[in-house]
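This briefing goes through a structure by topic. Please look over the sequence and the model first.

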Amino acid sequence: MDRNWPYVATGYLLTAGVLGSYTTWLLRKLRRADRLGAAAGGAPQAAIAADAGASAGERVS
Amino acid sequence: MSAQSRSVWQTALGAVAALAVGATVVMALFVVPADGGRDAFVRGTGQGDAYRLLFLHVPSAWLAYLAFGVTALASLLWLFPRTRALHWDLLAGASAELGVIFTGLTLALGSLWGKPIWGQWWAWDARLTTTAVLFFLYLGYLALRRVGGSPEQRAMRSSIAALIAFADVPIVHFSVSWWTTLHQDGSVFNAKMQIHIQDTSMQATLLLGVAAFTVLYAYLVLRRVQLLAVEEGLAERELEAAIAQRVAAAGARPREAVSI
Amino acid sequence: MTILSDALAVAGKDLRIEARSRVTLGQILPFGVLVLLLFAFALDPQSRLLPNVAPGLFWIAVLLAAVLAVSRSFAVESEHGARDALRLSGIDGASVFLGKAGAIVLELLALEVVLLIGTFGLYNVNVRGLEVLIPTAVAATCGIAATGTVYGILAAGLRVRETLVPLLVLPVTAPVLLGATRAFDDALTGSTGDAWPWVQLLVVFAAVYVTAGIVAFESLLEEA
Amino acid sequence: MPVVSTRSAVCVLGRFPALAGADLDVAAGEIVLLSGPNGAGKTTLLRLIAGLLPLRSGSATVLGVDLRRDRRSHRRHLALVGHDTGCYDDLTVRENVRFGLRSAGADVRQADAAIERLGLAAQSGITHRRLSAGQRRRLALAVAFARAPRLLLLDEPHAGLDADGRALLDELLAAASSEGRTVILASHELERARALAHREVVVDAGLLHGGVLETIDGDVVAQGTKVEAAVS
């Protein structure tokens with residue numbers, strides 16, 4: 001790496017931070033909404049889908 | 001498709017997105033050579049390592065445009081009576097949200113690249129300027145989505161706003177690029193954002209980056225729509241319960257005959 | 001053509017209200033001139049900077065005033081439920097759009113005349129190229145009024161109207177600011193030939209948004 | 001063929017079910033009183049009939065138009081006087097009435113007669129801003145009556161009116177009914193309104209009692225016969 005590495009590092013960390021936190025927020029909210037839905041007599045399969053997807057999503061972040 | 005198999009698909013999509021993005025990062029940071037080689041960078045004919053930012057910048061920019069295109073398409077499908085369904089509005093909203101995120105990233109990454117190469121954080125480059133206008137256009141769109149009302153009202157309002165914003169994109173792009181070519185400041189714009197592709201690994205990495213971000217977008221937009229749909233469903237169920245409650249409450253009271 | 005005569009009735013009503021309430025004359029116009037004055041304070045008037053940037057400052061002042069004019073135009077409709085009365089009257093959405101946008105165009109053109117005189121006086125600019133300045137101003141104003149009216153009805157009746165309208169209108173009208181400023185610049189520096197492509201851009205912009213307004217206004221009036 | 005006919009009409013304001021299944025029939029020439037506590041859904045019902053609000057479920061037909069398909073084309077034949085006057089502050093009484101007529105495609109020369117009839121002749125050149133609450137109510141009624149609509153929807157029309165104004169309003173409504181025009185009014189002035197109305201429909205928590213016509217037809221009502229509400 002030449003002397004511009006701080007810019008490159010900032011760019012990559014920023015991207016990881018933004019996309020990672022958005023994904024985490026999204027999946028957490030999905031899980032909570034699904035639990036609420038299930039509590040209200042809603043579709044439990046949606047909750048399963050959310051939990052299954054969550055692990056994949058966290059790898060993304 | 002059953003919920004079970006849908007969740008499997010989604011998990012797979014998420015995993016592919018994660019792997020592809022990871023692979024892009026590894027390729028971009030550790031595999032491809034510096035632009036023009038170290039000597040070229042020292043001599044000032046190459047961009048050295050700074051250009052590695054473009055492996056994120058270019059896919060982000062592509063995604064921003066794709067996301068806004070999807071928003072416009074979904075809005076059109078909502079407006080067209082034969083395909084009118086609320087999930088198009090949810091898709092438009094989800095896609096615009098991701099579009100704004102990717103537009104923001106594009107601007108930030110462009111600035112980070114511009115500082116070492118142009119010597120300044122911001123240059124009035126046509127594409128950068130257009131992207132900045134886009135960012136605010138869709139920020140306004142997202143603000144409009146949050147103002148309340150029934151789902152149908154929101155869908156009508158936002159789908160028309162989305163198409164108005166989308167119609168503006170070519171006009172903005174055209175006027176801005178015209179403006180910058182007419183009044184160019186010279187030296188600052190010598191370094192173009194394009195990568196001088198001397199190496200197939202660069203090309204492959206760029207393509208991989210675009211593909212990876214596209215898959216990531218697909219995964220995120222699906223999940224976002226899902227979240228919006230669940231929330232919409234909850235609100236809908238509350239409303240149904242409220243209607244039932246009103247009916248029951250009124251029915252419980254004695255109905256005295258009214259005569260005049 | 002009932003659409004056009006209905007539009008005239010709506011525009012006449014709006015202009016009559018403005019003539020009587022004097023909000024445009026008494027508040028929006030002074031605001032525009034004030035913006036011109038503040039630019040001079042912010043940029044050193046002693047330097048040769050002001051005459052050079054005068055076209056841009058003029059159009060920024062116009063845009064800010066236009067946002068106020070749009071807000072005012074829809075405040076009038078929501079004051080005593082007039083919007084519902086307008087819907088109930090059975091008047092066509094396209095007429096309402098053309099009428100309200102037309103009234104805003106006339107108000108803004110009047111405002112631009114004053115602001116232009118202000119710009120020439122305050123920024124020490126020589127008047128040249130009126131044959132370019134006038135079509136530029138008309139085309140740009142039509143574009144601004146059309147987008148403003150569409151977004152005005154989108155945000156009408158919302159509590160956040162005052163803050164939402166600028167956020168929606170200003171980015172969309174960015175090409176107008178760009179084009180009108182360049183055309184004015186060319187006109188004032190005497191290279192009128194360079195200005196015509198910009199005027200064409202402004203005409204295209206106005207055509208796109210006037211059409212969009214005519215098509216979409218009915219749905220927005222009814223369902224948004 | 002009733003002028004207004006709704007079945008299980010559900011109307012939602014934002015996320016609130018303001019109307020939870022309204023069944024209402026109104027025959028031509030009838031004066032129907034909507035009574036019920038605040039928040040029962042009277043205003044919502046009137047706005048639904050006017051076509052200002054969409055139906056969530058159920059059906060509504062007004063002046064022969066199915067509101068599920070078309071909420072606009074019947075509007076030229078009806079007038080709604082709501083809590084707001086629908087007028088412009090900076091226009092005079094005369095200009096407001098004329099604009100109301102003009103925008104409805106009616107003859108603006110009827111404006112002065114309507115103003116005269118509502119007792120606003122002296123205020124004809126005064127702006128809406130300077131009118132008192134009662135005068136504003138009279139102006140709103142003038143705009144509505146000037147168009148001579150087939151269906152009059154009145155939301156608390158007596159509110160703010162003085163004794164003369166109330167008597168005048170009753171007179172106008174009776175006259176409209178005898179001309180075959182239909183009137184639906186929501187009111188808390190029960191004694192006054194009951195004396196005027198042919199039928200009372202109680203709106204309670206978004207539901208209607210006595211809304212459906214079972215035993216009468218338009219003719220009976222048009223003769224001014226008081227009809228007992230058909231209530232289960």
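Chain A exposes about 3,200 Å², of which carbon and sulfur atoms supply 61%. The model is a predicted one. The points below start with chain A and go on to a helix pair in chain C, then to helices and loop residues of chain D.

**Chain A**
- Chain A holds two helices and zero strands.
- Of the 61 residues in chain A, 43% are buried.

**A helix pair in chain C**
- Two packed helices are described by the angle between their axes and the distance between the axes.
- Helix H6 (residues 130–155) and helix H8 (residues 174–189) of chain C pack at an angle of about 170°, and their axes are 10 Å apart.
- Angles over 145 degrees count as roughly antiparallel, and H6(C) and H8(C) are therefore roughly antiparallel to each other.
- On the H6(C) side, the contact is made by Val132(C), Leu133(C), Thr136(C), Ala137(C), Ala140(C) and Ile144(C).
- These residues meet Val176(C), Ala180(C), Ala183(C), Phe184(C), Ala187(C) and Leu188(C) of H8(C).
- The residues of this contact between H6(C) and H8(C) comprise eleven nonpolar, one polar and no charged.

**A helix pair in chain D**
- In chain D, the axes of helix H4 (residues 133–146) and helix H5 (residues 163–178) come within 12 Å and cross at roughly 15°.
- Angles under 35 degrees count as roughly parallel, and H4(D) and H5(D) are therefore roughly parallel to each other.
- The crossing in which H4(D) passes H5(D) is left-handed.
- From H4(D), the contact takes in Arg138(D), Leu141(D) and Phe145(D).
- From H5(D), the contact takes in Asp164(D), Gly165(D), Leu168(D), Leu169(D), Leu172(D), Leu173(D) and Ala176(D).
- Seven nonpolar, one polar and two charged residues make up the contact of H4(D) with H5(D).

**Helix H2 of chain D**
- Helix H2 (residues 93–103) of chain D is mostly covered, with eight of its eleven residues buried.
- Those buried residues are Val93(D), Glu95(D), Asn96(D), Val97(D), Phe99(D), Gly100(D), Leu101(D) and Ser103(D).
- The cover over the buried residues of H2(D) includes parts of two chains: helix H1 (2–21) and helix H4 (82–88) of chain C, and helix H3 (111–117) and H4 of chain D.
- After H2(D) comes Gly105(D), which has a positive phi, near 75°.

**Leu118 of chain D**
- Leu118(D) sits in the loop between H3 and H4 of chain D.
- Buried means under 20% relative accessible area, so Leu118(D), at 3% relative accessibility, counts as buried.
- Apart from neighbours within four places in sequence, Leu118(D) is in contact with Arg138(D), Leu141(D), Ala142(D), Leu168(D) and Leu172(D).
- Among these partners, Arg138(D) and Leu141(D) of H4(D) and Leu168(D) and Leu172(D) of H5(D) also take part in the contact of H4(D) with H5(D).
- Ala176(D), another residue of that helix contact, is 58 residues from Leu118(D) in sequence and 14 Å from Leu118(D) in space, C-alpha to C-alpha.

**Pro149 of chain D**
- The loop between H4 and strand S7 (151–155) of chain D contains Pro149(D).
- Pro149(D) has a relative accessible area of 3% and is therefore buried.
- Leaving out neighbours within four places in sequence, the contacts of Pro149(D) are His77(D), Leu78(D), Ala79(D), Ala144(D) and Arg181(D).
- Between Pro149(D) and Val65(D) there are 84 residues of separation in sequence and 15 Å in space, C-alpha to C-alpha.

Conventions. Residues are numbered from 1 along each chain as its sequence is written. Chains are lettered from A and ligands numbered from 1 in the order in which they are written. This is a predicted model: local features need pLDDT of at least 70, side-chain atom pairs count only at pLDDT 80 or more; totals for chains, interfaces and linings use all residues. Side-chain values use heavy atoms; hydrogens and water are left out. Axes are lines fitted to C-alpha atoms, for helices over the stretch in contact, and angles run from 0 to 180 degrees between N-to-C directions. Helices (H or I, at least four residues) and strands (E, at least two) are DSSP runs, numbered from the N terminus. Angles under 35 degrees count as roughly parallel, over 145 as roughly antiparallel, 65 to 115 as roughly perpendicular and the rest as oblique. A crossing is left-handed if the near helix is turned anticlockwise from the far one by less than a right angle, and right-handed if clockwise. Contact means heavy atoms within 4.5 Å. Ala, Val, Leu, Ile, Met, Phe, Trp, Tyr, Cys and Pro count as nonpolar, Asp, Glu, Lys and Arg as charged, and the others, Gly among them, as polar. Buried means under 20% relative accessible area, exposed over 50%, partly exposed in between (1.4 Å probe, protein chains only). Accessible areas come from the Shrake-Rupley method with a 1.4 Å probe; for residues, only the protein chains shown count as cover.
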